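Work through the exercises below with the sequence and the 3D structure open. Try each task before you read its solution.

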Amino acid sequence: MVQRFGSIKKGEEDSHFPLMFPMESNLLKLHREDEKRDSRRAIEAIHICLLTIDGYLTDTEYDLEPFISEENQALAEGLLMSFDPFSNEEIRTILKESKRLDSAEQLEAYYEEPVKCLLRIERSIEMWLKARGTDGYFQYIEDLMGDTVKTDTRMEYMVLGDMTEN
């Protein structure tokens, strides 16, 4: 996916904040709800999301069942709810009005930013996992943005603006 979409370098996250914030907010909310949803499960969830996106783009159906656990599935669903029109009805409704996801090229363009963000978050999780252990990433984002993340269970999302313009 890095070869196909590129990546976000450390220190260049600010311009990707509009999508990264709902992704990380959802992860943090889900971790707060159940601490078994730790950094390792978050990495697995990112891989599930990346395979889901690849499936959309290549019209491939992956059998992810052997790799799904209650914890990584909840985190993957939370991530997908932050950007994916096939997982989030509200996003689908907004994008349906613009009719911008009806070709392979449009789908690939839509998923470029989410893939880059997922890959950057994965690298961050790996770094904090090594530095602070299985809860390292969640300790970090709690310290960084915990005060701004609501304590409710509503999943946040972002609709990429350039996809809704005609």
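**Exercise 1. Check the length of helix α6 against its number of residues.**

Solution. This is a predicted model. Helix α6 covers residues 104-132, which is 29 residues. Take one less than the number of residues and multiply by 1.5 Å.

Now look along the helix. A kink of about 35° lies at Glu112. Just past the end of α6, Gly133 takes a positive phi of about 90°.

**Exercise 2. Repeat the check for α4, then find its buried residues and what covers them.**

Solution. Helix α4 has 12 residues, so at 1.5 Å a residue it should span 16 Å. Its end C-alpha atoms are 16 Å apart, which agrees.

Next, burial. The cut-off for buried is under 20% relative accessible area. In α4, the buried residues are Glu71, Asn72, Ala74, Leu75, Ala76, Gly78, Leu79 and Leu80. Their cover includes α2, α3 and α6.

**Exercise 3. Which residues touch the most other members of the largest nonpolar core?**

Solution. The core holds 45 residues. Met23, Leu79, Phe83, Leu118, Ile121 and Tyr137 touch the most other members. Next, trace the helices behind the core. At least two residues each come from α2 (17-33), α3 (39-58), α4 (70-81), α5 (89-98), α6 and α7 (136-145). Helix α6 gives the largest share, with 11 residues.

Then take Leu79 by itself. Leaving out residues up to four places away in sequence, Leu79 touches Met23, Leu27, Ala45, Ile46, Cys49 and Leu118.

**Exercise 4. How do α6 and α7 cross, and which residues meet there?**

Solution. Start with the axes. They come within 7 Å and cross at roughly 105°. Angles of 65 to 115 degrees count as roughly perpendicular. The two helices, α6 and α7, are therefore roughly perpendicular to each other.

Now list the contacts. From α6 come Ile121, Ser124, Ile125, Trp128 and Arg132. From α7 come Gly136, Tyr137, Gln139, Tyr140 and Asp143. A helix has 3.6 residues a turn, so residues three or four places apart point the same way.

Finish with the buried side of α7. Its buried residues are Gly136, Tyr137, Phe138, Ile141 and Met145. What covers them includes α2, α3 and α6.

**Exercise 5. Is Ser124 buried or exposed? Is Asp143 buried or exposed?**

Solution. Ser124 sits in helix α6. Its relative accessibility is 12%. Buried means under 20%, exposed over 50%. Ser124 therefore counts as buried. Beyond residues up to four places away in sequence, Ser124 touches Tyr137 and Tyr140.

Asp143 sits in helix α7. Its relative accessible area is 61%, so Asp143 is exposed. For a distance, compare Asp143 with Arg123. They are 20 residues apart in sequence and 18 Å apart in space, C-alpha to C-alpha.

Key. Residues are numbered from 1 along each chain as its sequence is written. This is a predicted model: local features need pLDDT of at least 70, side-chain atom pairs count only at pLDDT 80 or more; totals for chains, interfaces and linings use all residues. Side-chain values use heavy atoms; hydrogens and water are left out. Helices (H or I, at least four residues) and strands (E, at least two) are DSSP runs, numbered from the N terminus. The bend at a residue is the angle between axes fitted to the seven residues ending there and the seven starting there. A nonpolar core is a set of buried Ala, Val, Leu, Ile, Met, Phe, Trp, Tyr and Cys residues joined through side-chain atoms within 4.5 Å. Buried means under 20% relative accessible area, exposed over 50%, partly exposed in between (1.4 Å probe, protein chains only). Contact means heavy atoms within 4.5 Å. Axes are lines fitted to C-alpha atoms, for helices over the stretch in contact, and angles run from 0 to 180 degrees between N-to-C directions. Angles under 35 degrees count as roughly parallel, over 145 as roughly antiparallel, 65 to 115 as roughly perpendicular and the rest as oblique.
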